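Hello,

Here is the structure I promised to pass on. Please have a look at it first, and my notes follow just below.

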Amino acid sequence: MQLDSIEGTELGSGKWGWLPSFFMSMKQETVVPVNSKPILDVAGLHKSFGHLAVLRGIDLQVHPKEMIFIIGPSGSGKSTLLRCCNRLEEPTAGSIKIDGVDILAPGVDINAVRRRIGMVFQSFNLYPHLTAMENVTLALRKVLGKSKQEAGEIAMQVLKRVGLADKAKAFPNELSGGQQQRVAIARALALEPAIMLFDEPTSALDPELVGGVLKVMREMRESGMTMVVVSHEMRFAKTAAHRVLFMDEGVILEEGPPEKIFNEPDHPRIKEFLSSLEAH
């Protein structure tokens, strides 16, 4: 299918032992990037659904080139926090700044802000009637106004980056779940975001398909992409994160380097959570 024919398309853990051995052999850089102006600055963030308080005063700063992991039990507010960061959910109170722009300010161009924020969901959200290439080029042409040729060149570059250049003409139903998620990552990367948000990117995948997605995320980290990741992939968090945040009942109970959070956490709730994972 040619892109010219789709101009009307709307934009819209188990145990850890299975993980590929290359994650075990890679060295972890423990030095957090030098402090600078944060790309993401969240202060006093609250979100309620009716009488249910899901976020209760979140403060978070993410600096350039940092990879932040947010862990915690289901229902602790992790995904809601990410969704508030690009206003897929409207916060009840607080402030969120992306590259210094208050995205909650009256009159802010939220679509322009969202172009600076790449988001990858648990579900792949690919258009089933478009090829991998067309799924990537659609936003480039409709949002950024790129020509067909330029959009195609960018799409091939990002598909190559995620290891799928040979699948450019494949439709989603011809790709594995892991490959579809990598196309979704490529689509986000094509817009050159300042920060990438990942909401459980591997939880819908069969275990043998997870490694390819994590490999792409690690390569993004090594290339300097700023990332915030909600995930239950604890071993990956141990070896890739600069900082780990533990959330429970809508608050951040503790944050620190992965060695601290996973090996010597101060809060007993974190010890309880990690022990429960090891027991399954």
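Let me begin with a contact between side chains: Asp99 and Arg116 meet in a salt bridge, at 2.9 Å from N to O. By salt bridge I mean a side-chain nitrogen of Lys or Arg within 4 Å of a carboxyl oxygen of Asp or Glu. Asp99 lies in the loop between β4 (93–98) and β5 (101–102), and Arg116 in the loop between α3 (110–114) and β6 (117–120), so the pair ties together parts that are 17 residues apart in sequence. Helices (H or I, at least four residues) and strands (E, at least two) are DSSP runs, numbered from the N terminus.

Before going further, a word on the source: this is a predicted model, in which local features need pLDDT of at least 70 and side-chain atom pairs count only at pLDDT 80 or more, while totals for chains, interfaces and linings use all residues. Residues are numbered from 1 along each chain as its sequence is written, and side-chain values use heavy atoms, with hydrogens and water left out.

Back to that pair. Asp99 is partly exposed, with a relative accessible area of 35%, and Arg116 is partly exposed at 36%. The classes are buried for under 20% relative accessible area, exposed for over 50%, and partly exposed in between (1.4 Å probe, protein chains only).

A search of the whole structure finds 11 salt bridges. Among them is the one between the side chains of Arg243 and Glu255, at 2.6 Å from N to O. This pair links distant parts of the chain, with Arg243 in strand β9 (residues 243–248) and Glu255 in strand β10 (residues 251–256), 12 residues apart. Arg243 counts as buried at 14% relative accessibility, whereas Glu255 is partly exposed at 38%.

Glu254 forms a salt bridge with Lys260, their closest N and O atoms being 3.3 Å apart. Here Glu254 counts as buried at 10% relative accessibility, and Lys260 as partly exposed at 27%. There is also a network: salt bridges that share partners join Glu66, Arg243 and Glu255.

Finally, helix α7 (residues 207–222). Its 16 residues should span 22 Å at 1.5 Å a residue, and the end C-alpha atoms are 24 Å apart, which agrees; the expected span is 1.5 Å times one less than the number of residues. Buried residues in α7 include Val210, Gly211, Leu214, Met217 and Arg221. After α7 comes Gly224, whose phi is positive, near 100°.

Best wishes
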